[in-house]
There are 2 protein chains.
Amino acid sequence: MVQTTPSPIQVVLPQGFRASAVHCGLRKQQDHADLGLLIAGEAQKAVAVFTQNRLCGAHVHVCREHLQQSAGLVRAILVNARNANCATGQQGIADARAVCAQLAQRIGCPPEQVLMCSTGPIGAPLPKEKILAKLDWLVEHQSEHAGGEFARAIMTTDTFPKAQTRTFAANDRIARVTGFAKGAGMIHPNMATMLAFTLVDACPEGDLQMLLRRSADRSYHRVTIDGDTSPNDTLVLWAGGATCATAPFEQAVTEAGQELARSIARDGEGATRFLTIEVRGAMDEAEANLVGRTIATSPLVKTAVAGRDPNWGRILSAAGRCGVPFDAELVRVWVGPAEVYSHGVPHPEREGEAHQHLMQNTDIVLGIDLQRGIAQADIWSCDLTKDYIQINADYRS
Amino acid sequence: MVQTTPSPIQVVLPQGFRASAVHCGLRKQQDHADLGLLIAGEAQKAVAVFTQNRLCGAHVHVCREHLQQSAGLVRAILVNARNANCATGQQGIADARAVCAQLAQRIGCPPEQVLMCSTGPIGAPLPKEKILAKLDWLVEHQSEHAGGEFARAIMTTDTFPKAQTRTFAANDRIARVTGFAKGAGMIHPNMATMLAFTLVDACPEGDLQMLLRRSADRSYHRVTIDGDTSPNDTLVLWAGGATCATAPFEQAVTEAGQELARSIARDGEGATRFLTIEVRGAMDEAEANLVGRTIATSPLVKTAVAGRDPNWGRILSAAGRCGVPFDAELVRVWVGPAEVYSHGVPHPEREGEAHQHLMQNTDIVLGIDLQRGIAQADIWSCDLTKDYIQINADYRS
């Protein structure tokens with residue numbers, strides 16, 4: 001949504017984690033940090049999911065390498081905005097490695113226990129010196145109260161910082177999940193998010209990587225802004241402290257991820273409406289997802305919402321091209337509370353109600369029941385407006 | 001491209017075919033025909049390719065049915081604008097059948113030798129009476145000189161009428177191909193076109209349906225405006241007269257189709273630039289197509305062109321997400337004459353030249369060499385502008 005300058009937010013970090021943020025000169029605005037640090041008192045277990053794009057940002061190479069070398073133990077994550085360090089060749093990878101090594105030296109850990117993540121325009125060399133010059137400051141100013149500053153530092157075209165916390169019972173105490181994300185454009189499963197970091201002060205036994213995949217499939221992988229996936233998409237789950245049960249941990253991590261995913265869609269570039277695409281009556285969840293994503297990425301559906309037009313024909317038509325063999329004479333389509341199509345015929349008498357839903361709400365529901373089975377999925381997206389064009393036609397200028 | 005009111009065009013029809021066009025009241029502008037007729041002196045062989053969308057316009061059902069019943073013999077094709085007769089249930093199908101039957105009665109042929117095609121907004125009942133009221137007029141005024149009027153009558157959001165003719169040697173005479181198309185939005189393979197009709201006054205022996213598929217794969221299926229496919233997409237090849245050789249026939253039909261496909265992209269809703277995506281060095285043509293289509297549908301690539309930004313990072317990034325496992329360190333990317341990325345590094349010194357290409361031309365070339373093989377394909381598209389949003393947010397209002 002279009003918003004004014006983001007106000008600072010308060011974010012509570014899980015025990016044992018600290019954050020800091022600083023302006024190092026990547027962003028023009030002096031009062032807006034562009035380099036953020038997350039740091040753990042001691043190395044904790046981390047797993048990650050990366051972009052599926054053949055073009056990978058330098059940090060993706062280096063993060064994979066470091067997680068392998070460290071057997072998944074991480075002490076710190078450094079994040080810069082306004083430069084993707086992507087399509088920068090071997091030099092970009094060397095730059096990212098060098099920054100990690102310098103930070104590792106300052107905090108006293110092996111280089112492979114440091115991760116670095118970058119987002120922003122593709123193709124410009126990483127301004128390494130600007131970043132290196134602020135590492136001492138970041139380490140010195142680490143604080144358990146700086147989560148909000150970190151969330152703000154990692155924004156690129158985001159209009160508001162994105163963080164969520166959840167608590168859950170872990171044995172005899174309350175554990176905390178804190179998730180951070182940045183998004184806004186070039187957002188599509190898989191990965192939906194550009195960068196997201198989920199910190200937890202408890203950790204279950206078992207396969208954390210599998211747990212993260214399951215969780216991502218029901219959170220970040222359900223949001224799409226424009227169908228374009230970034231070469232830098234990275235989601236890190238970083239969990240330490242006492243051992244806890246798997247189920248409440250996974251639930252809290254997933255809930256925080258879902259709320260962050262929704263906030264990414266709410267902050268879609270140029271968006272004026274947040275969309276939930278409800279797909280019902282699918283044969284399985286994958287089918288429901290496919291139908292939902294196809295509707296959510298249809299420029300015609302998204303521009304109709306921008307024009308407040310309850311154009312159910314476009315919803316049905318988008319669903320129809322995704323390859324799921326539903327029967328158009330059986331499906332039902334709704335816009336908010338109004339069922340506008342069913343049993344092969346439109347219900348024009350309900351369109352007024354559907355139009356009101358689009359006019360009077362910022363959270364819009366578009367739904368389709370395929371009448372094929374009982375599986376379902378919700379996909380989150382936003383409308384497509386002239387401001388999206390403006391933002392993306394001007395991005396590098 | 002944005003144009004003023006389309007001027008009449010002259011279109012020569014192949015021997016034995018006539019056309020007519022009239023305003024029947026579907027369009028608001030009284031001086032713009034909205035109902036067109038193509039008619040053959042006697043029934044000629046026709047084959048067709050239809051939308052792959054699960055939602056089909058009523059005319060798709062009726063055309064399939066009639067072509068089967070008539071063993072592919074067609075006397076007339078009636079086309080209306082401004083109403084898709086889609087998602088109109090059994091009533092819509094009955095309406096289309098009734099219109100065909102009424103026209104058949106007037107020209108003295110079996111109902112199954114008449115096809116009908118509709119495009120426009122989805123969901124409104126076909127204004128059958130308005131159409132029926134003009135059938136006598138259309139039949140009486142059929143003329144070999146009315147091809148231009150027909151091309152104009154079938155436009156919906158098109159800004160100019162689209163027709164192409166080609167000639168080829170058929171035994172001892174010159175045969176003629178005349179193709180008509182309408183497009184502008186909701187355009188994506190397969191079928192790329194919304195409606196296209198190709199008439200020829202010669203016909204080869206052999207499988208005309210297979211020939212049409214091959215021809216479409218190299219013409220209409222190479223254009224994309226917005227990734228949305230219409231439930232009404234229909235391409236008809238209608239050929240009669242003397243028998244001719246296959247090769248020159250196929251070449252002329254394909255060339256006319258390619259030029260019509262390009263004109264559809266040129267007339268993309270809100271477009272200011274015509275794009276040719278050159279994909280080189282692919283393993284096979286399917287791979288080249290996939291890469292080209294992914295680049296051509298990327299909102300980020302299309303908005304960059306709208307902003308005259310030679311943003312090769314977005315081209316590379318779009319290619320990277322389509323599933324083709326190229327090596328980002330080997331590929332080359334160019335914008336017009338300027339190679340802006342190769343061997344894993346950008347060439348910022350060439351960006352000025354690339355920017356000039358975008359500023360000074362309306363026909364833009366974006367290219368990528370995957371360095372995997374020797375197959376190639378060109379895909380045609382257009383930029384994504386605020387006017388696309390305007391047109392599609394306002395379409396039904």
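Which residue follows H1(B), and is its phi positive or negative? H1(B) is followed by B:Ala71, whose phi is positive, near 55°. Helices (H or I, at least four residues) and strands (E, at least two) are DSSP runs, numbered from the N terminus.

The model is a predicted one, in which local features need pLDDT of at least 70, side-chain atom pairs count only at pLDDT 80 or more, and totals for chains, interfaces and linings use all residues. Residues are numbered from 1 along each chain as its sequence is written, while chains are lettered from A and ligands numbered from 1 in the order in which they are written.

**Two copies**

Two copies of a chain are related by a rotation about an axis and a shift along it. Here, chain B is superposed on chain A by a rotation of 180° with 0.0 Å of shift along the axis, at an RMSD of 0.0 Å. That is the relation of a two-fold axis. In chain B, the C-alpha of B:Lys386 is the nearest to the axis, at 2.4 Å. The same surface serves both copies, since 100% of the contact residues of chain B recur in chain A. The superposition is by least squares on the C-alpha atoms of residues with pLDDT of at least 70 in both copies.

Two residues are in contact if their C-beta atoms, placed from the backbone, lie within 7 Å. By that rule, 50 residues of chain B are in contact with 50 residues of chain A. The elements of chain B that give two or more residues to this side are helix H2 (89-107), helix H9 (299-306), helix H10 (312-320), strand S12 (345-346) and helix H12 (386-394). H10(B) gives the most, with 6 residues. The side of chain B that touches chain A divides into 23 nonpolar, 19 polar and 8 charged residues. In this count, Ala, Val, Leu, Ile, Met, Phe, Trp, Tyr, Cys and Pro are nonpolar, Asp, Glu, Lys and Arg are charged, and the others, Gly among them, are polar.

**Domains of chain A**

Chain A is divided into domain 1 (17-266) and domain 2 (274-393), with bounds that come from an automatic or database domain assignment. The centres of the two domains of chain A, taken over C-alpha atoms, are separated by 32 Å. The contact takes 12 residues from domain 1 of chain A and 12 residues from domain 2 of chain A.

The expected span of a helix is 1.5 Å times one less than its number of residues. The table lists the span from first C-alpha to last.

| Helix | Length | Span | Expected span |
|---|---|---|---|
| H1(B) | 12 residues | 17 Å | 16 Å |
| H2(B) | 19 residues | 28 Å | 27 Å |
| H8(B) | 13 residues | 18 Å | 18 Å |

A residue is buried if 20 or more other C-beta atoms lie within 10 Å of its own, exposed if 12 or fewer, and partly exposed in between, with C-beta atoms placed from the backbone. In H1(B), the buried residues include B:His59, B:Cys63 and B:Leu67. Among the elements of chain B that cover the buried residues of H1(B) are S2, H2 and S4.

H2(B) has buried residues including B:Ile93, B:Val99 and B:Leu103. Their cover includes H1 and strand S3 (73-80) of chain B. H2(B) is followed by B:Gly108, whose phi is positive, near 75°.

In H8(B), 10 of the 13 residues are buried, so this helix is largely enclosed by the rest of the structure. What covers them includes strand S9 (274-282), H9 and H10 of chain B. B:Asn289 has its place in helix H8 of chain B and counts as buried because it has 22 C-beta neighbours inside 10 Å. B:Asn289 touches B:Ala377 and B:Ile379, not counting residues up to four places away in sequence.

**The nonpolar core**

In soluble globular proteins, nonpolar side chains tend to be buried together. A nonpolar core is a set of buried Ala, Val, Leu, Ile, Met, Phe, Trp, Tyr and Cys residues joined through C-beta atoms within 7 Å. The largest one has 258 residues, and those with the most contacts inside it include A:Leu38, A:Ile77 and A:Ile315. Not counting residues up to four places away in sequence, A:Ile315 touches A:Ile295, A:Val301, A:Val333, A:Leu366 and A:Ile368.
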